[in-house]
Structure formats: C-alpha cells, structure tokens
Amino acid sequence: MDFGKLFELVVASSLINNFVFTMFLGLCIFFGVSKKMETAVGMSITFTMVMVVSAALSWVVYQFIMIPYELTFLKIIIFIGVVAAFVQSADTIMKKVSPTLYYKLGVYLALITTNCIIIAVPLKNAGEHYNFFESLAFALGSGLGFGLALVIMASIREKLEVADVPRPFRGLPISFIIAGLIALAFTGFSGLITL
Amino acid sequence: MSLKPKSNWELIKNGMFGENTIFRMAISLCPSIAVTNGLKNGVALGVSVVFVQTMVNFTVSLLRKFIHPKIRIPIFMLIIAGYVTIIDMLMATYARAIYKEIGLYIQIIVAFASIFARAEVFANKNKVFSSLCDGFGMGVGFLLAMIVISFFRELLGKGELFGISLIAGNPLLIMILPAGGFLAVGLLMGFFNWIDMRFFGGKGASGV
C-alpha cells in the first residue's frame with residue numbers, strides 16, 4: 001500500500017477536483033443546507049461518514065458480485081440500491097442505538113440519498129479501477145471537500161443575511177454568484193498535483 | 001399541488017414555466033451548470049431528462065395502485081434507474097462523442113430530485129394521462145432552462161453556437177469555466193425573478 005498515492009488522492013479529490021466547485025455535483029444539498037453554520041457542519045460530518053462506508057460497500061459488491069457474474073452494465077441500479085439500503089439501515093440502527101445522535105444527524109441522513117455525489121463516487125471508483133484503499137481515500141477526500149465547500153458557503157451566507165442585496169437577487173441568485181466567485185478561487189488549486 | 005384538477009395543457013405549461021425545475025423550484029441544479037458549457041451537451045441532457053421524466057411519471061402512475069406506500073421510495077428509485085440505464089446504453093452506442101463528455105451526468109439523472117419529486121407528488125396520486133403530461137411539461141421546462149443557460153455560456157465563452165463560430169477569439173473565457181456556470185445561473189435566476197416581480201407581481205423564486 002502506497003501512502004503517498006493515497007494522500008495525493010485525498011488532496012486531489014478534496015481540493016483540486018472538489019465535487020461542488022469543479023464538477024458541480026451535490027448542488028441541491030449544497031444550496032439547501034448552507035444557510036446556517038450548525039446545519040452545514042452536521043451535514044458535512046454525516047455526509048463524509050456515509051460516503052466512506054457506502055464507497056467501501058459498493059467496492060465489495062462491484063468486485064466480488066458484479067464482475068464475476070458480469071453484471072457491470074447494471075451498475076447504476078445496483079449502486080443506487082446499495083446506497084439507499086445502507087442509508088435506510090443506518091437510519092434505523094441509529095434510531096435504536098443512539099437516539100441523541102439520531103436527533104442531531106438523522107435529518108441529514110434522509111437528505112443524503114438525493115445527493116448526486118453519493119452515486120457519483122462509486123461510479124467513478126468503478127470507472128477508474130481503484131483498489132479498495134484508493135476507493136476509500138477517494139471517498140474520504142470527496143466527503144471532506146464537500147464539507148469544506150459547505151462550511152465556506154455557510155459562513156458567507158450567515159453574513160449575507162444582513163447585507164443589502166437587490167430584491168430580485170435575494171436568496172438563491174446571490175448564493176449562486178458567490179459560489180461562482182469561490183469556484184474561481186478554487187481554480188487556483190488546479191495543477192497542484194498531477195495524478 | 002392545487003386541489004382542483006387542471007387541464008392537461010395547463011399541466012404542461014405549469015411544468016414549463018410556473019414550476020420550472022431550475023429557475024423556479026431550484027432543484028436538479030447540478031447538471032444546469034455542469035453540462036451547459038455548450039448547446040449540444042445541454043440539449044442532449046435536456047432531451048434525456050424529458051424522456052426519463054415522462055416515462056417515470058407514466059410508469060409510476062400505471063403502478064400506483066400496486067405500490068405499497070411503505071416501500072415506495074426504493075421502488076421509485078428502481079423505476080428511475082431502469083429508464084436511466086436505457087438512456088445511458090443508447091447514448092453509449094449511438095452518440096459516442098457526446099457520451100464521452102456528459103456520460104457521468106447522464107448516469108446521475110438517477111439522483112435527480114425533480115424526477116423523484118414528480119413521481120412522489122404527482123404521478124403517485126393522479127391518472128395516467130395527466131401524469132404523462134405533467135412529466136412531459138416538467139421535462140420540457142428543464143430542457144428550456146438548459147437551452148437558455150448554455151446559449152449564453154457558449155455564445156459569451158467561446159463565441160460559438162452549436163460549435164459554429166460567430167465571434168472571433170474568446171470573448172469572455174470565464175463563462176465556460178466552472179465559475180462562469182455559477183455566475184450565469186445566478187444572473188439568469190435573478191433576471192427571471194425581476195421579470196416575475198416587475199410584470200407579474202410575483203414574489204420571486206421559491207425555496208429561499
């Protein structure tokens with residue numbers, strides 16, 4: 001196992017190929033929960049955990065079930081099934097085992113299935129033929145990158161509440177424009193590491 | 001959704017303008033930025049969404065009496081994933097060049113909130129033909145939004161339309177960069193809000 005390669009993958013997927021700012025995935029949630037810092041942090045934590053576990057599950061299913069039985073053409077259906085099943089069971093188990101944690105993070109768990117990143121990461125892992133640890137590193141980096149984007153956005157939007165924005169631009173339009181400016185800053189990361 | 005039944009034409013119109021997925025409801029935003037750097041890609045994805053949305057609404061509506069409410073979410077997901085796989089394979093075979101660029105986003109139609117939402121809110125409760133119309137209207141609304149955004153981005157960013165050069169040089173390079181996508185959607189959304197407030201007395205986009 002090559003730790004340098006894994007570290008590169010984490011940095012690359014969180015900063016350089018940040019899902020939100022360079023690939024535009026997970027925007028619904030990105031704009032939905034970035035209004036307050038508290039929800040943004042809750043979402044980032046839940047999201048990163050679910051991301052890593054579901055990437056690991058999908059990798060196992062892909063390598064040991066789909067490839068031997070030549071089911072790779074069904075990868076969209078199977079991956080969304082795996083993710084949905086995991087989220088549903090995590091929801092049920094958490095409710096039973098730790099109600100306090102469920103009370104805090106349960107809402108985000110339900111939202112996660114509608115996040116495009118959650119299906120994009122297994123698909124990409126399969127497409128790039130990553131091994132098990134590389135898949136984990138990629139998922140972790142993607143989760144962290146999404147969390148970073150959420151926290152940056154939330155801290156700006158909290159200040160925006162008191163700003164004097166032209167009426168038609170209030171709310172979502174101005175958030176988009178701000179996201180554009182952050183994306184511009186993120187293009188500065190490109191070329192940091194060449195994989 | 002409103003209680004009194006709407007005519008089919010009203011349903012289509014509602015999907016196209018009143019509840020336009022991107023500019024009014026502000027859902028399914030990911031592809032609106034990711035694939036709108038050229039009209040060709042935008043239209044290709046838009047047409048795929050029209051197909052998936054219409055067929056999903058149709059199927060869900062047909063099966064609505066047989067789907068048990070408790071397990072409806074996985075079933076909707078499977079129906080959507082089925083149609084997305086069809087589109088995915090068709091594109092991979094017959095439109096290789098476009099598929100290379102937007103393939104990932106075609107697959108991601110699975111996780112589109114708009115398609116799922118229409119199946120849940122509308123098709124699950126309404127007759128087959130009106131669901132068909134609703135899905136078609138929603139899909140076309142999405143397609144229109146994609147056309148508007150990619151029209152401006154390709155024209156301003158590359159000086160081209162459908163790959164045909166209209167303006168020499170790269171007028172505004174930022175528009176085809178990732179950042180330009182956010183800016184374009186933000187400005188257009190603001191513009192449509194302004195029209196809505198100025199001429200129709202509306203309150204601007206929902207979901208804020």
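## Basis

The model is a predicted one, and the values given here were computed from its atoms.

## Chain B as a whole

Taken along the principal axes, the C-alpha atoms of chain B fill a box of roughly 60 × 50 × 25 Å. Of the 208 residues of chain B, 51% count as buried, and among the contacts in chain B that link residues at least 6 apart in sequence, 74% join residues at least 24 apart.

## Helices α4 and α8 of chain B

In chain B, helix α4 (residues 39-63) packs against helix α8 (residues 128-158) at an angle of about 165°, with the axes of the two helices 8 Å apart. Angles over 145 degrees count as roughly antiparallel, and α4(B) and α8(B) are therefore roughly antiparallel to each other. The crossing in which α4(B) passes α8(B) is right-handed, and the contact of α4(B) with α8(B) comprises 20 nonpolar, ten polar and two charged residues.

## Helices α8 and α9 of chain A

In chain A, helix α8 (residues 132-160) and helix α9 (residues 172-186) pack with their axes 11 Å apart and at an angle of about 135°, which makes α8(A) oblique to α9(A). The crossing of α8(A) and α9(A) is right-handed.

On the side of α8(A), the residues A:Ile152, A:Met153, A:Ile156, A:Arg157 and A:Leu160 meet A:Ile174, A:Ser175, A:Ile178, A:Ala179 and A:Ile182 of α9(A). By class, the residues of this contact of α8(A) with α9(A) divide into eight nonpolar, one polar and one charged.

## Contact between chains A and B

The contact between the chains draws 34 residues from chain A and 39 residues from chain B. On the side of chain A that touches chain B, at least two residues each come from α2 (19-22), α3 (27-32), α5 (75-97), α7 (116-128) and α9 of chain A, and α9(A) gives the most, with nine residues. The side of chain A that touches chain B has, by class, 25 nonpolar, seven polar and two charged residues.

Note on methods:
Residues are numbered from 1 along each chain as its sequence is written. Chains are lettered from A and ligands numbered from 1 in the order in which they are written. This is a predicted model: local features need pLDDT of at least 70, side-chain atom pairs count only at pLDDT 80 or more; totals for chains, interfaces and linings use all residues. Axes are lines fitted to C-alpha atoms, for helices over the stretch in contact, and angles run from 0 to 180 degrees between N-to-C directions. Helices (H or I, at least four residues) and strands (E, at least two) are DSSP runs, numbered from the N terminus. Angles under 35 degrees count as roughly parallel, over 145 as roughly antiparallel, 65 to 115 as roughly perpendicular and the rest as oblique. A crossing is left-handed if the near helix is turned anticlockwise from the far one by less than a right angle, and right-handed if clockwise. Two residues are in contact if their C-beta atoms, placed from the backbone, lie within 7 Å. Ala, Val, Leu, Ile, Met, Phe, Trp, Tyr, Cys and Pro count as nonpolar, Asp, Glu, Lys and Arg as charged, and the others, Gly among them, as polar. A residue is buried if 20 or more other C-beta atoms lie within 10 Å of its own, exposed if 12 or fewer, and partly exposed in between; C-beta atoms are placed from the backbone.
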